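The report below describes a single protein chain, moving from its overall fold to its sheet, its charged contacts and its surface. Please read it alongside the sequence and the coordinates.

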Amino acid sequence: MRIVNVHQAKTHLSRLIDDAHAGETIVLAKAGQPWARLMPLAPPPPQRIPGRLRSQGPLTNPNVLLEPMPADELACWENGALLPASEQP
């Protein structure tokens, strides 16, 4: 968390807004006292890391993904609720 004086904030507002958008929280101070907080509206999305699961190694039997599902599991997918009962509207 960075503390910035109001005069400095007025001079560098565009840069401070970009820093806040990048995820930094900036405290605006008036006469040395914290006065307001400049922060992003939403957290930045997580960065996608290509090849993250490469260390897991290849699938031992990739053809299993192409086999049909058992009937009971397929019924759960087709008839099951997407949300648990407590979360459904």
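Read along the sequence, the protein chain follows the pattern β-α-α-β-β-α, which amounts to three helices and three strands. Helices (H or I, at least four residues) and strands (E, at least two) are DSSP runs, numbered from the N terminus. This is a predicted model, in which local features need pLDDT of at least 70 and side-chain atom pairs count only at pLDDT 80 or more, while totals for chains, interfaces and linings use all residues. Residues are numbered from 1 along each chain as its sequence is written, and side-chain values use heavy atoms, with hydrogens and water left out.

**Overall exposure and contacts**

Of the 89 residues in the protein chain, 8% are buried, where buried means under 20% relative accessible area, exposed means over 50%, and partly exposed lies in between (1.4 Å probe, protein chains only). The protein chain exposes about 8300 Å², and carbon and sulfur atoms supply 59% of that area; accessible areas come from the Shrake-Rupley method with a 1.4 Å probe, and for residues only the protein chains shown count as cover. Among contacts between residues at least 6 apart in sequence, 20% join residues at least 24 apart, a contact being heavy atoms within 4.5 Å.

**The sheet**

The three strands form an open sheet in the order β1-β2-β3, with mixed pairing. Because β1 (2-5) and β3 stand at the edges with a single partner strand each, one side of each is left without a neighbour in the sheet. From one strand to the next the twist averages 35°, with axes taken as lines fitted to C-alpha atoms (for helices over the stretch in contact) and angles running from 0 to 180 degrees between N-to-C directions. Two strands are said to pair if DSSP finds at least two bridges between them.

On one side of the sheet order, β1 and β2 pair in the parallel sense over four bridges, and Asn 5 stands opposite Ala 29 in β2. Strand β2 (residues 26-30) is joined to β3 by five bridges, and these two strands run antiparallel. β2 and β3 form a hairpin with two residues between them. Ala 31, in the loop between β2 and β3, has a positive phi of about 60° although it is not a glycine, and it counts as exposed because its relative accessibility is 74%. Strand β3 (residues 33-38) is hardly covered, since the count of buried residues among its six residues is zero.

**Ile 26 and its surroundings**

Which residues does Ile 26 touch, not counting residues up to four places away in sequence? Ile 26 touches Arg 2, Val 4, Leu 16, Asp 19, Ala 20, Ala 36, Arg 37 and Leu 38. Ile 26 itself lies in strand β2, stands opposite Leu 38 in β3, and is buried, with a relative accessible area of 0%. Ile 26 and Ala 36, 10 residues apart in sequence, are 8.5 Å apart in space, C-alpha to C-alpha.

**Charged pairs**

A salt bridge is a side-chain nitrogen of Lys or Arg within 4 Å of a carboxyl oxygen of Asp or Glu, and by this rule the count comes to two.

| Salt bridge | N to O distance |
|---|---|
| Arg 2 and Asp 19 | 2.6 Å |
| Arg 2 and Glu 24 | 3.0 Å |

In the salt bridge between Arg 2 and Asp 19, Arg 2 lies in strand β1 and Asp 19 in helix α2 (residues 13-21), so the pair ties together parts that are 17 residues apart in sequence. In the salt bridge between Arg 2 and Glu 24, the pair links distant parts of the chain, with Arg 2 in strand β1 and Glu 24 in the loop between α2 and β2, 22 residues apart. Through shared partners, Arg 2, Asp 19 and Glu 24 are joined into one network of salt bridges. Each of the three residues is partly exposed: the relative accessible area is 30% for Arg 2, 22% for Asp 19 and 29% for Glu 24.

**A nonpolar patch**

Leu 59, Leu 65 and Leu 66 make a nonpolar surface patch of about 390 Å². Patches are made of residues with over 30% relative accessible area and no salt bridge, like charges being joined within 9 Å and nonpolar side chains (Val, Leu, Ile, Met, Phe, Trp, Tyr) within 5 Å. Leu 66 is placed in the loop between β3 and α3 (71-79) and is exposed, with a relative accessible area of 72%.
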